[in-house]
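Open the model in a viewer and keep the selection panel at hand. The stops below each give a selection and then what is found there.

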Amino acid sequence: MEAPPQTPDRGEPGPREQAQQQQQEEEDAMDAFLDKFRSQPYRGRLHEDTWEQELDKIPMFMKKAPSEINPQENPELACLQSLIFDDERPPEEQARTYKDEGNDYFKDKDYKRAVASYTEGLKKKCSEPGLNAVLLTNRAAAHFHLGNLRSALNDVTAARKLKPDHLKAIIRGAICHLELKNFSEAMSWCDEGLRLDSKEKKLLDTRAKADKLKRAEQRDIRKAKMSQRKAEAQKEALLRAIQARNIRLEPRAPRKEEEEEDEEEPTTPQGGLGSENAIGAKVSLDEGGRLSWPTLLLYPEYGQTDFISAFHEDSRFMDHFMVMFEEPPPWDLERKYRPAHLELYFEEEAQQEVHQLGPESTLLQALQHPRYLVKAWTPAFLVLVKESPFSKSFLRGRKVHRLK
Amino acid sequence: MSVEIFRTDKEMSRMDSTEEVADVARELVTFLTQTARPDVQAEAARHVLGLTGSETGRSLLVAQAGLLQALVKLMDAPPAAGAGSVGDAWRAMVNLCAEPNVHISMLAELPQLPVQLLGRALAPNWPWAGEAAAALANLSRESEPIRELLGKRLECSSDKASQEPSLALIVTALTTPGYNPHSPLHYLASLLSNLSHLPRVRAFLLDPNRRLIQRLLPLIHWPDSAVPRIGVVGTLRNCCFEHGSHEWLLGPQVELLTFLLMPLAGPEELTEEEMDRLPMDLQYLPPDKEREPDAEIRKMLIETIMLLTATAPGRKLVKDQGAYLVLRELHTWEPNPEVRLACEKLIQVLIGDEPEAGMENLLEVTVPPDVEQRLQQLDQQEQQQLQQEREEAGQP
């Protein structure tokens, strides 16, 4: 920058020249300063590559506080912390600080830490019941979100002792009871709250929910009772039908779970109640009052059995034979089990006596045989082939009552 | 003072001269006010009570100058002082209030009586609150002016302690067990039923912002005494004339229909599919479920449901909530011919076709005169048939 020569060559510069000179000096100084700025780095500056991490370390700009504050790494933070939690501050202030800290954790859904903060606040045992009630209620909310419903209830109960009209405690308590399915308690807590504020929406909602669930529960209980009554009535009808036919059931040694039932049942000569056999098939009574039994046919020659799940008492053995032995069964090696050649027997208890039955008889007639005893609610019968060597040897050792 | 001066009411009726009777009545007034001689007072009170047993006696007493005041003074006496006479005085007042002919004269002499009675009925410690309620029920049953008078007063509070309007306090007194441990308040229900003839009372009770109707509903099952049941069902029936409120009443906030159907429902077993159509509380009722024993109440319940079917939306709600199933079973069980008839009519509405356009609100339909005549004829025939059935039932 060169000023055009305006002054004649003289020894002293005039005022105008002086001003210009000053301006020039200032500009030069500014230039030098700017140059210095460009060449030397600012000592407190953040570094280009790591500016985000560095920013995070400055307490003012922290998005999240570190869970543990290391005074070496974060001296400023440690400083602030000791300021806030100074034990020399009055307990009410400390408690309030803990409350705020807890609330912040709560907002972040860090419920465990929230509980810890509120607990610290309560430990201060400050003299303000209102503040303690809030601490308890807030802790209850944190417990609720952690699933600790009982702890939550303890807290709100304590809160209400301190401040009986603390509406938030009542609301929280009602919601806890609802979760625990204590519908009556939930409703009575809601009613107490509604006495304080009859329009409180959460209370009205919770009460309506609890009411509905309670009534559904009661309905389900009634329904279950009716099913039970029906089942028992059916069992009784079954027993009556069997008794009316003079069919003898083997008295079962009652198993543990049946013992209670036996006490309630009218004493039958047969005793026992379980009407299911091992496979779960049951004797049943149809609409016409006729019974059908799950029945076993035993073929001792080959150690085989046939199971008829519902043998109608009015059907004849021969009817079943005709169907079952239309084709010889695979185990019938000698192909001799033909319907016309089959003989029907049942064994008596001691297994020493054997009675013959006619295949033309119905199941009912067989069951009504004076010596027949139904075991395990499943009638069983022996099938042999007439005159076969096996049948002769089988029957040899026993007392046989043949058909006349 | 010798006791022979008192006459029993039998003797009074044998008296020929009205003057003699009037004399005795005058004496009674004197004796009633004899606080110095509680035994005399007690005798006088007993005689007054005896007189209130007959219509002539009641008219006589009311006509006697000063007698009502004396009676009221005795009624207000602290209970300790001669409990017998105070009780008799109260019972006498209840009887007097039952006589419609004397209401006007009574009100002329004791204009503050209804309000005073109301105060006593709602006082939690008053041992004669039940009698006060009964007297009010009697007064309000026949007399329109008394109902009006009470109606005006009911919206303000009579209780210094609570700010509740008296009408709300009546509901509270009825529905809070142990409200008055000294006296049963059954007749408050009858009072409420009478008062619900007034539109303003109905509007108050049906206000959705107050929980009044909902608190009355459980009283439909009041055991032991039919008086509160009749009162509450009567109140509900009258309220159901307000068809603007039907949707709210049938909705989830009140669930009126469930409460009306419960006393009509029995232990009968329905199929699972049928049970699912019923409101939850009516499903799978146990085998020992009993129906409402009083036929009059059963009839009122059916009438109330009938009112709820007046509008199309109401009809739909009643149908959807399974009313038909309950009524079907009721009809099979119902021993009383009048109730059975009401039941049939309601079933007809529930299973019949929807009425044509222009007739959506059956309460507001104008009936053409010839149809009106025909309907009246049918009604008469029905009545005759009922009469016949009643006679047949009466014969061994």
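**Stop 1: an exposed loop residue**

Select Asn246(A): this residue is exposed, with a relative accessible area of 60%. The model is a predicted one. Asn246(A) sits in the loop between helix H10 (201–244) and strand E1 (248–249) of chain A. Check the backbone as well: phi of Asn246(A) is positive, about 60°, although the residue is not a glycine.

**Stop 2: the coiled-coil annotation**

Now select residues 196–241 of chain A, which UniProt lists as "coiled-coil region" in an unreviewed entry. The span is 91% helix and 0% strand, and its end C-alpha atoms lie 64 Å apart.

**Stop 3: the contact between the chains**

Colour by chain and look at where chain A meets chain B. Nine residues from chain A and twelve residues from chain B take part in the contact. Together the two chains bury about 1200 Å², with 52% of that area on carbon and sulfur atoms. Which residues in chain A lose the most area to chain B? They are Arg215(A), Arg222(A) and Met226(A), which together account for 49% of what the chain A side buries.

**Stop 4: the wheel domain**

Select residues 289–389 of chain A. UniProt, again in an unreviewed entry, places the feature "domain: Cns1/TTC4 wheel" on this span. Here the chain is 14% helix and 37% strand, and the end C-alpha atoms are 42 Å apart.

Next, show side chains for Tyr299(A), Tyr302(A), Phe321(A), Phe325(A), Trp331(A) and Tyr337(A), which ring pairs link into a cluster. Over all chains the count is 15 aromatic pairs. One of them is Tyr302(A) with Trp331(A), a tilted pair with 5.8 Å from centre to centre and 45° between the planes. The pair joins distant parts of the chain, 29 residues apart. Tyr302(A) is in the loop between strand E3 (291–299) and strand E4 (304–312), while Trp331(A) is in the loop between helix H12 (317–324) and strand E5 (342–347).

Are these two residues buried or exposed? Tyr302(A) has 22% relative accessibility, so this residue counts as partly exposed. Trp331(A) has 13% and therefore counts as buried. The cut-off that separates them is 20% relative accessible area, with buried meaning under that value.

Stay in the loop between H12 and E5 of chain A and pick Arg335(A), which is placed there. Phi of Arg335(A) is near 50°, a positive value in a residue other than glycine.

**Stop 5: charges over rings**

Two selections show an arginine over an aromatic ring. In chain A, pick Arg398(A) and Phe394(A): the charged end of Arg398(A) sits over the ring of Phe394(A), 4.1 Å from its centre. In chain B, pick Arg120(B) and Trp126(B): Arg120(B) lies over the face of Trp126(B), at 3.7 Å from the ring centre.

**Stop 6: two distances to draw**

Go to Ile58(A), in the loop between helix H2 (51–57) and helix H3 (75–84) of chain A. With a relative accessible area of 34%, Ile58(A) is partly exposed. Draw a C-alpha distance from Ile58(A) to Tyr42(A): the two are 16 residues apart along the chain and separated by 18 Å.

Then move to Glu391(B), in helix H23 (residues 369–394) of chain B. Glu391(B) is at 45% relative accessibility and so counts as partly exposed. A C-alpha to C-alpha line from Glu391(B) to Arg91(B) spans 37 Å, and the two residues are 300 apart in sequence.

**Stop 7: whole chains**

Finish by selecting each chain in turn. The table lists totals for each.

| Property | Chain A | Chain B |
|---|---|---|
| Secondary structure | 14 helices and nine strands | 23 helices and zero strands |
| Buried residues | 35% of 404 residues | 48% of 396 residues |
| Accessible surface | about 26200 Å² | about 19300 Å² |
| Surface on carbon and sulfur atoms | 51% | 53% |

For contacts between residues at least 6 apart in sequence, 55% of those in chain A join residues at least 24 apart. In chain B, 69% of such contacts join residues at least 24 apart.

Key
Residues are numbered from 1 along each chain as its sequence is written. Chains are lettered from A and ligands numbered from 1 in the order in which they are written. This is a predicted model: local features need pLDDT of at least 70, side-chain atom pairs count only at pLDDT 80 or more; totals for chains, interfaces and linings use all residues. Side-chain values use heavy atoms; hydrogens and water are left out. UniProt positions are given in the numbering used here, feature names are shortened, and annotations may be inferred rather than shown by experiment. Helices (H or I, at least four residues) and strands (E, at least two) are DSSP runs, numbered from the N terminus. Rings of Phe, Tyr and Trp (its six-membered ring) pair if their centres lie within 6.5 Å; planes under 30 degrees apart count as stacked, over 60 as edge-to-face and the rest as tilted. Buried means under 20% relative accessible area, exposed over 50%, partly exposed in between (1.4 Å probe, protein chains only). A charge sits over a ring if NZ of Lys or CZ of Arg is within 6 Å of the ring centre and within 35 degrees of the ring normal. Contact means heavy atoms within 4.5 Å. Accessible areas come from the Shrake-Rupley method with a 1.4 Å probe; for residues, only the protein chains shown count as cover. Buried area is the accessible area (1.4 Å probe) that two parts lose on being put together, summed over both.
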